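Subject: Structure for you to look at

Hello,

Open it in a viewer while you read.

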2 protein chains.
Amino acid sequence: MKNFEKGQCMEYKILDKDNIVEYLYSIDSIKAYFSNDSLEVAEIGDGNLNYVFIIKSQSDPKKALILKQAVPYLRCVGEEYPLSKERMTYEIRALSSFAQITSEYVPKLYDTNEQMSAVIMQFLGEHIIMRQGMIEQTVYPKFAEHISTYLAQNLFKTSSLHLDSTQKRALIDSFNSNTELCKLTEDFVFTFAFMEHETNDEYSHGHEIAQELFSDMQFKKEVLALKYKFMTQNDALIHGDLHTGSIMLNEKETFVIDPEFAFVGPFGFDIGALLGNLTMSYVSHIALGSKAEYPEWIINTIETILVEFETKFLALWNAQEESSLITDGFISEVSLQEYKSEFMVQILRDSVGFAGCKMARRMFGIAGVADIREIEDKAIKDKAITITLEIAKRFVKNNKKIQNIEEVITIIKEECQ
Amino acid sequence: MKNFEKGQCMEYKILDKDNIVEYLYSIDSIKAYFSNDSLEVAEIGDGNLNYVFIIKSQSDPKKALILKQAVPYLRCVGEEYPLSKERMTYEIRALSSFAQITSEYVPKLYDTNEQMSAVIMQFLGEHIIMRQGMIEQTVYPKFAEHISTYLAQNLFKTSSLHLDSTQKRALIDSFNSNTELCKLTEDFVFTFAFMEHETNDEYSHGHEIAQELFSDMQFKKEVLALKYKFMTQNDALIHGDLHTGSIMLNEKETFVIDPEFAFVGPFGFDIGALLGNLTMSYVSHIALGSKAEYPEWIINTIETILVEFETKFLALWNAQEESSLITDGFISEVSLQEYKSEFMVQILRDSVGFAGCKMARRMFGIAGVADIREIEDKAIKDKAITITLEIAKRFVKNNKKIQNIEEVITIIKEECQ
């Protein structure tokens, strides 16, 4: 009996070791890739949300692909925590959009199937999750260059500064119903981690620094303003969860993975996620007393990413003759450049604000970062948490006053002295 | 032969005197309304975009309805200016949404049919288009009260301050493809009227004041920022074209009509349209030397609308326990009130900025306002244009600095002295 018919009309079925090979060989591009070799299938156990399989050719283990499938619940908890499998629809669409614009930073896609909530893509066997690499103090000399290009290209080319109004609205359409994952961000990045809540880490209960954060009303007022921006500002297609756990890399290559939180949202959110997570890694190494070269590399990387993002984004914008926003002949070149500068400062401000939310919510919220939460020495861990929160609070409370990148770097350095 | 089958699945057909009665009597609610009377049908010739018919019962002329149908071109120009008839889809959806929230300010809907791009509604026989009424110096004592309720209720209840994330995204979905009419606003409200353009009124060619406006780069830089906000900020369902020509009223009742430009956009856009158009009427009466009572009534009306909008919007917000933005227990009451105050100032700032764009674009752009463009005396007309532009420029250039409603009123009064 055939379980899988060719094409996109197949009925959803959870894949497992018993039926996965049949599924793979029902797809022409996969057949072609493996030339009908016998296949070895192994489940990778560490996916939080989804099932992930490595598929290797038995005769040539270098031939390998990844299959990722969403199930209608949270994989790491089980069927009692339902989460619609359609999240994979948005991941597929985002991977395809980003791959079209920056193919070198997105795993090669071999097959995508929205009905099956499944994607088959390049196996990144020689790359490591960036968060892990940074805990191990690995330097990635090309990373700032790669990720600033990724951000500038994808944010610019999916915005109203590039697309015409019809294209932009079609893009909004494709991602507008990613409600469930946007709601997770609204709840867990902007809300629950800053108040007494059952989902918070037990470390927060009765912890003095947590109490101080929860009662900082100026901080919370700004968090509301940033949350509102997240909910209502549709600048560009964003990854939506661009922390160092969503990046796989080595010294030569960088890949951005897992964009299931993607939607058309504010420019600053992805930049902020990256800024916040790199800053937390920096703080962890300062607190741990790691050799100075490593935190120095991190802070230089942060600065380079922000500077290069701005340069590249502006270069794309200057190369753009007309757009739905700017009509040829509307405004003088001098005034247009002023407008663009103010626009870039606004992106920086939003990025800093979002970075602050992202950092603070990692301290006591449901999802910690290994860089800090796994520090074993309590005094060092508390020091890292304290510094992170001081930076986060300054980022959030002062985001509207930030004028340039130097000020951002200064805040980080001052709090680490 | 039957031309119209019952129900929503009928094929689109342009209605005319010959087939309209058959269409009307294919609809149960219309049959019931007219109880099978003989009908008298007359086309109203003054629709710019659409065909509009009055349908009256021959035996009881008090029984009357309006039928409005969109054709796939601009009615006032003809088939050589195509404009998709699906604009009526958005008008129907907006009328239905606004009627659900504020039924007393929306014509009663008897039948809507997206396939036929047609709506059948209450005939407003005892009401006049507000722009005309104001040119004739008619006072509408209930207007400020009515329209501030209309604005507060509709803007609040279609925003993320009231809807949950799923409802808000569904609302965005319903209006997201109203691209064509949003594009008209982008082009004609924010762009062409501020530069040399073939669509501008001939009055602009070589006109000194026009040249001055077209070369005011600080003004244009702010216009770009406001245009970008119009294109990317999805606060609430807005009417999209709320000038005094979209309001029909008398001393007792107020109705808002023609929401074909509706989409989920910035809070300040409808308030700004109204502020701008009332201000232009005020300026016209000052320039014309009308008896002081009338402009005084207008300026008081403007102030009351802005004050009452804020009061009513905040009252709705304070009555709202939780929302997708604000979780119970997240922030102290004092800080929440501060946040809300800042939020209201931001709405006011945006409203003032949009009002300035709306006013300035009416001076030399494709669509003038009768209040000013039809002034026969050239000196008086130029005076009205000059004052309007001075107010418009101050509104646009200073929108980000506005702190309260008094400042707005002061700007208008100062320029009219």
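The notes start with one chain, then turn to the two copies and to some local details.

This is a predicted model, in which local features need pLDDT of at least 70 and side-chain atom pairs count only at pLDDT 80 or more, while totals for chains, interfaces and linings use all residues. Residues are numbered from 1 along each chain as its sequence is written, and chains are lettered from A and ligands numbered from 1 in the order in which they are written.

Chain A as a whole

Chain A contains 15 helices and twelve strands; these are DSSP runs numbered from the N terminus, with helices being H or I of at least four residues and strands being E of at least two. The C-alpha trace of chain A spans about 65 × 60 × 40 Å along its principal axes. A compact globule of 417 residues would have a radius of gyration near 22 Å, and chain A agrees, with 22 Å. That radius is taken over C-alpha atoms, and the globule rule is 2.2 Å times the number of residues to the power 0.38. Of the 417 residues in chain A, 46% are buried. Here, with C-beta atoms placed from the backbone, a residue is buried if 20 or more other C-beta atoms lie within 10 Å of its own, exposed if 12 or fewer, and partly exposed in between.

Domain bounds, which come from an automatic or database domain assignment, divide chain A into domain 1 (20-122) and domain 2 (128-415). Their C-alpha centres lie 27 Å apart. In chain A, 16 residues of domain 1 are in contact with 21 residues of domain 2, where contact means that the C-beta atoms, placed from the backbone, lie within 7 Å.

The two copies

Chain A superposes on chain B by a rotation of 180° with 0.0 Å of shift along its axis (RMSD 0.0 Å). The two copies are thus related as by a two-fold rotation axis. In chain A, Gln233(A) has the C-alpha nearest the axis, 2.4 Å from it.

The contact takes 35 residues from chain A and 35 residues from chain B. On the chain A side, helix 9 gives the most, with eight residues. The copies meet through the same surface, because 100% of the interface residues of chain A are also interface residues in chain B.

Strands

In chain A, three strands form an open sheet in the order 8-10-11, with antiparallel pairing; two strands pair if DSSP finds at least two bridges between them. Strand 8 (128-129) and strand 11 (254-256) of chain A are at the edges with a single partner strand each, so one side of each has no neighbour in the sheet. Strand 10 (residues 247-249) of chain A is joined to strand 11 by three bridges, and Ile247(A) has Val256(A) as its bridge partner.

One residue in a helix

Phe364(B) is found in helix 12 (residues 333-364) of chain B. Is Phe364(B) buried or exposed? Phe364(B) counts as buried, because it has 25 C-beta neighbours inside 10 Å. Leaving aside neighbours within four places in sequence, its contacts include Ala193(B), Tyr203(B) and Ala210(B).

Regards

Terms used:
Least-squares fit on C-alpha atoms with pLDDT ≥ 70 in both. Contact = placed C-beta atoms within 7 Å.
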